[in-house]
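Student: Before the discussion begins, may the sequence and the structure be displayed?

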Amino acid sequence: MPPKRKNDTAIKVEDVGMDVDAVLDSGSEEEARRRTKNRRIKPQRKAKQVSDDEEEEEEDEAPKKRGRKKKPKPQDSDEDDEEDKRSVKSKGSKVSRKKAQKDDSDEESEEDRGKRKKGGAVSKKEKEEQNKDKKGNPKERRRDSKGGDKDKKKKNGKLSSSSDSGESDEDSLSEGELAALKEQVEEKKKLIATLRNKPWRMKRRLVLLKEAQEFVEKFEGALGKGRGRKLYAFKVMMTKKFIKFKRDFENFKTACIPWERKIKEVESHFGSSVASYFIFLRWMYGVNLVLFGLMFGLVVLPEVLMGLPYGSIPRKTVPREEQDSAMDFSVLFDFGGYCKYSILFYGYYNNSPTIGVLKFRLPLSYLLVGVGIFGYSLMVVVRMMARNANEGGDGADEGEFTFSWKMFTSWDYLIGNPETADNKYASITTSFKESIVDEQENQKDENIHLRRFLRVLANLMILCCLGGSGYLIYYAVKRSQEFSKMDPDDLSWLQKNEVEIVMSLLGLVCPPLFETIAELEKYHPRIALKWQLGRIFALFLGNLYTFLFALFDEVTAKLESEKIIKNATEWGLNEYYANYSSFYNTTNVPPPNVDPADVVRGPCWETAVGIEFVKLTVSDIQVTYLTILIGDFLRAVTVRFLNYCWCWDLEAGFPSYAEFDISGNVLGLIFNQGMIWMGAFYAPGLVGLNVLRLLTSMYYQCWAVMACNVPHERVFKASRSNNFYMGLLLLVLFLSLLPVVYTIMTLSPSFDCGPFSGQDKMYDVVMETIEKDLPAFIGNIFTYATNPGLIMPAVLLMVLALYYLNTTSKGYQQANLDLKKKMQMARDEEKNRRNNKDSTNQVMKDLEDLLPNKSLVPPPTEEEPPPPDVVTEKGSKSPKTKPGSATKGVNLQKEVSLAASNPRGPVTRAPGPRGGPPGNTRGPQPGPGRGRGAPPRK
Amino acid sequence: MGNKQTIFTAQQLDAYQDNPFRQRIAEVFSEDGEGNMTLNDFLDMFSVLSEMAPRDLKAYYAFKIYDFNNDDFICKSDLEKTLNKLTRNELTEDEVRMVCEKVIDEADLDNDGRLSLEDFQHMIVRAPDFLSTFHIRI
């Protein structure tokens, strides 16, 4: 019987002790161990198997396991059991002898035993009927607390005899007793290990710790424990080190995220919506870095290192007639002159199939990189979208506790730096405002007809704007085509750049106009942002495609003129060869000796296209930066300093400070990226330029936002996924992919510039490689793969897969919705149930108050060590000892029981069965106590 | 145990001066409830706010901290105080009222218009970053 009881206790400890599993231990505990160790050096009775045993023990499950195993019969042939037994046997006699010597400490051990017994009793009670146990317990408790040795002896019989009757039956300790003793020691040890997790006041903890240590010291030595202590200390140390290392590593990882601090700072002041732009910008920068790496590493660098140097062949030389002005700033600024004949542009690259000693196939690499850029971008964007979609959601939180969590968990107690604290305050305020906006939006309902009318009106107006701007662009392009037919020297700078100017102006004027119109619609700011983005996107798209068509006209014109030049050159060459051979009468004609600068050459439309894109990008950068400088910075400065001498309040009144224009900036970024994608093939340097732009833009805009902008009037939460941005980006990527792929597939490359010169089509490079340089069977595979008979089924299969996946995802969505509904219902139900219970509890509480028995519970002395395993009881006692924490005790109980976290618990424990008066004497019980609110104990 | 007791005052918690609840923390953990801490209280505080303290313990003390008037319920006035401390009074009264109503609405399971410890626990154990923010490193 005794062992079983002990086992129960052990299990009980597992149940009740909070977080026993935490292997972690405090400094105090370690120190304690060290102390005990020092003292215990004398005993020095350590058997080998014992150390093993202890190791076992330190894993917290071990005791439990052992306990369970012992329940059926102590001689269970489990390995560690056996070991236990052996050690116990060998040390048993010594134990008792030593005990005999240490009479003075017996008392304490008795107390411990008492406690343990109490624990055992409680656990037993748990298993028994409630009413009964309530009856039994208080009595027992009282007796115990009085320190009645007799009771204990009677009750525990043999058990306690093992301690204080060590002299009487010295060597006659039965196995069961020894096992029991061991259990005790283990418990004590566990108590030491988990002491810091107990919800006790420090004083009690210290007392307990001391006692546990003494107990362990006394009996553990007797039982021959203690080896492996060093190992244990080492283990502990390593765990700590590891935790610290992990933490440091996390910090390091965070520190490695570029601009994280900057973005967080912006976010804390301007809200997540503004931060989402910067995060997008950062992501964009990452993508562009990869693109730049591809372009630079596989195309530009090989050409620079291994290709022919500047001036060696016509395409790498500035023509004679341009040489005078080739270094002029105005020319360079338009990317003419030396810029035009540099590695920045398509025309510079040579068409020799391999270059350098490495036989690097530059033309092939050029084409593959050009296509690979699209492939990589597509993959990245789609993957990002998929990941965002997983995170799901539209910013509207589905969480039930949005505000509560914000309120109670948003402050980071780790903050110990005033600046961080300021940021945190700002961010908390911002996030509250965001949530408030969302909430207000949910609650709003107004005149729906008026709203609809206004929305239709707004859309109409915006359509008009879009049409107007489209026409304006068309007109400008027409004019510019006329201008291009005239002599370029007659045209003014304005006339030359008319299209760009018109487009930039439209980009400047239209978005604010749209925003003003959008005011009519009164959407939630987040949705409004999406509309705004969509509209400006449409506007820019018009611009983009007008620009593209203009470009195409130019290209076809160039192609024609190129054809003429090509024919002329060929004709000239033929003439030259014919003349040479007839003159010298030889067939071995050396190539004409002409300076590369003087060679007649075609217009090289690829370079022209590249220059267009680079120019556009640069002008875009200029416009953006100037807008920020003037529109934000100057405005802010003016408002700030003119305000001292102005007739109205500039800061609050009309000009005020600028808000950060999320939609404009996002779209600017997206379209800029479109330019890069389109232009990268014809101007490899464009990617590098863009990387620079994004890098500077990050710092510049971060500064501008923090320095000159004010947060939005209604700070709103960004949608958690940036999928709208990503969607736009994907669209732009697709749109920019079209023209490039079209030109690659249909137009024939210039005959005298670029890596594909001399070929009919650009992709011939690939064909050539496949035919000539790869084994024949790969060529065969390609022929099969391009067979329509194979492609059609493949497409069909894909469509089917698409359909299937779409259906599945819809099914999941539906399931999601259902589950959400169910959760909501469950929550409501729980709420109701709790309400009911509370009312019954009220009755219970009144009943309890009526009963005088409560006063019978003796005030336990403070010094009495609380039973380590009966946390809950302790909790109920503590109020009496500490007035300051009168209520704490009760709550602790609840806490402990809540730790079990079984929401149904309170209901099954409905007050009915335990309504008997005796139950009340005991005060709140560990289990049922949770069901009741805090007030009853007060 | 009475030897070597030093009195810590709230002002001595300089390292965490920026915490809006510093006064409350000192009060909750001090035995006299006024923020004067003995060594034991001080140790108590750090043990509760250490990384290894169990969640329920933390939740309990968090509850105490936010329960400004010590009535064992977080009522509206407590919420308002908390909110104002968190945002440095930057929200308008309407907004504060609305937020407090929302909090009660969300977390109050027994519909008594205030949060009991139970409600609080129910809510806080689901919070994703409660454990990561409610501790102090020394």
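Student: Which residues form a nonpolar patch on the surface?
Tutor: The model is predicted. The patch has about 870 Å² of accessible area together. Its members are Leu626(A), Leu629(A), Ile630(A), Phe633(A), Leu634(A), Val637(A), Phe641(A), Tyr644(A) and Trp703(A).

Student: Which helix of chain A gives the most to the nonpolar patch?
Tutor: Seven residues of the patch come from one helix, which spans residues 605–642 of chain A. Tyr644(A), by contrast, lies in the loop between α23 and β1 (658–659) of chain A. The helix that gives the most is α23.

Student: Does Tyr644(A) count as buried or exposed?
Tutor: The relative accessibility of Tyr644(A) is 62%. Exposed means over 50% relative accessible area. Tyr644(A) therefore counts as exposed.

Student: What separates Glu554(A) and Lys558(A) along helix α22 of chain A?
Tutor: The side chains of Glu554(A) and Lys558(A) meet in a salt bridge, at 3.6 Å from N to O. Both residues belong to helix α22 (residues 525–584) of chain A. Because they are four residues apart in this helix, the separation is about one helical turn.

Conventions
Residues numbered from 1 in each chain as written. Chains lettered and ligands numbered in written order. Predicted model: local features only at pLDDT ≥ 70, side-chain atom pairs only at ≥ 80, totals over all residues. Heavy atoms only, no water. Patch = residues over 30% accessible without salt bridge, like charges linked within 9 Å, V, L, I, M, F, W, Y side chains within 5 Å. Areas by Shrake-Rupley, 256 points an atom, 1.4 Å probe, with all protein chains shown as cover. Salt bridge = Lys/Arg side-chain N within 4 Å of Asp/Glu carboxyl O. Helix = DSSP H or I, 4+ residues; strand = E, 2+ residues; numbered from the N terminus. Buried < 20%, exposed > 50% of the residue type's maximum accessible area, 1.4 Å probe, protein only.
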